[in-house]
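Have the sequence and the structure open side by side as you read.

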Amino acid sequence: MEKKIFSCRQCGYCCHGETTVSLDDNDLVRLVAFLKMPEKEVLRRYLRITGNVVQMKIVDGHCIFYNHGCTVHPGKPWRCGQWPLHPSILTDSNNLESIRHSCPGMKKDVAYDEFCRILKQVIAPVEKK
Ligand code: SF4
Ligand code: SF4
């Protein structure tokens with residue numbers, strides 16, 4: 001079903017830029033468990049904290065965990081797993097166009113209503129509770 005609207009090209013564009021997604025408390029717990037390091041060490045080495053916002057550090061224009069792919073795949077933040085099939089697409093077609101623009105894996109030939117119909121089925125079982 002998902003392949004009708006998206007097929008990842010492993011281009012890594014979504015892991016590049018000057019910011020990354022933010023981590024919530026569960027993300028931090030999962031990342032610490034995956035890296036098998038003390039939380040303080042994970043925070044010091046890999047994360048940057050701005051006020052209440054915790055994000056991954058950026059190195060050479062990409063997420064510190066990016067190296068020809070995600071190196072922490074099982075421990076990555078849930079928002080990384082959600083991308084690019086973001087629920088905001090369902091409320092505004094401009095969001096679909098904007099995500100299509102930044103992610104080459106998004107199918108371009110599916111009309112907005114049809115895209116939303118499929119997306120609802122794809123994200124329904126996996127949306128964060
Ligand atoms: S930008 Fe899209 S196609 Fe490229 S790696 Fe990210 S999700 Fe996959
Ligand atoms: S954690 Fe992985 S998927 Fe998320 S931005 Fe970093 S490299 Fe990309």
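## Around Cys103

Cys103 counts as partly exposed, because it has 17 C-beta neighbours inside 10 Å (buried means 20 or more other C-beta atoms within 10 Å of a residue's own, exposed means 12 or fewer, partly exposed is in between, and C-beta atoms are placed from the backbone). This is a predicted model, in which local features need pLDDT of at least 70 and side-chain atom pairs count only at pLDDT 80 or more, while totals for chains, interfaces and linings use all residues. Residues are numbered from 1 along each chain as its sequence is written, and chains are lettered from A and ligands numbered from 1 in the order in which they are written.

Cys103 sits in the loop between helix H4 (93-102) and helix H5 (112-123); helices (H or I, at least four residues) and strands (E, at least two) are DSSP runs, numbered from the N terminus. Leaving out residues up to four places away in sequence, Cys103 touches Tyr13, Cys14 and Pro84, where contact means C-beta atoms, placed from the backbone, within 7 Å. Trp83 is 20 residues away from Cys103 in sequence, and their C-alpha atoms are 9.4 Å apart.

Pro84 belongs to the loop between helix H3 (78-82) and H4.

## Two ligand shells

Ligand 2 has its own surroundings: Cys15, Thr20, Met56, Cys63, Phe65, Tyr66, Cys70, Val72, Lys76 and Cys80.

## Cores and hairpin

The largest nonpolar core has seven residues: Ile5, Phe6, Ile89, Leu96, Met106, Phe115 and Leu119. Such a core is a set of buried Ala, Val, Leu, Ile, Met, Phe, Trp, Tyr and Cys residues joined through C-beta atoms within 7 Å. A second, separate core of six residues includes Cys14, Cys15, Phe65 and Tyr66.

Strands S1 (residues 47-50) and S2 (residues 53-56) pair antiparallel over four bridges; pairing takes at least two DSSP bridges. Leu47 has Met56 in S2 as its bridge partner, and Thr50 stands opposite Val53. Two residues separate the strands in this hairpin, and Gly51 has a positive phi near 65 degrees.

| Residue | Phi | Loop |
|---|---|---|
| Lys36 | about 55 degrees | between helix H1 (25-35) and helix H2 (39-46) |
| His68 | about 55 degrees | between strand S4 (62-63) and H3 |

Lys36 counts as exposed because it has 8 C-beta neighbours inside 10 Å, and His68 counts as exposed because it has 7.

## The whole chain

The protein chain has five helices and four strands, in the order α-α-β-β-β-β-α-α-α from the N terminus. Of its 129 residues, 15% count as buried.

Notes
Near = placed C-beta within 6 Å. Contact = placed C-beta atoms within 7 Å.
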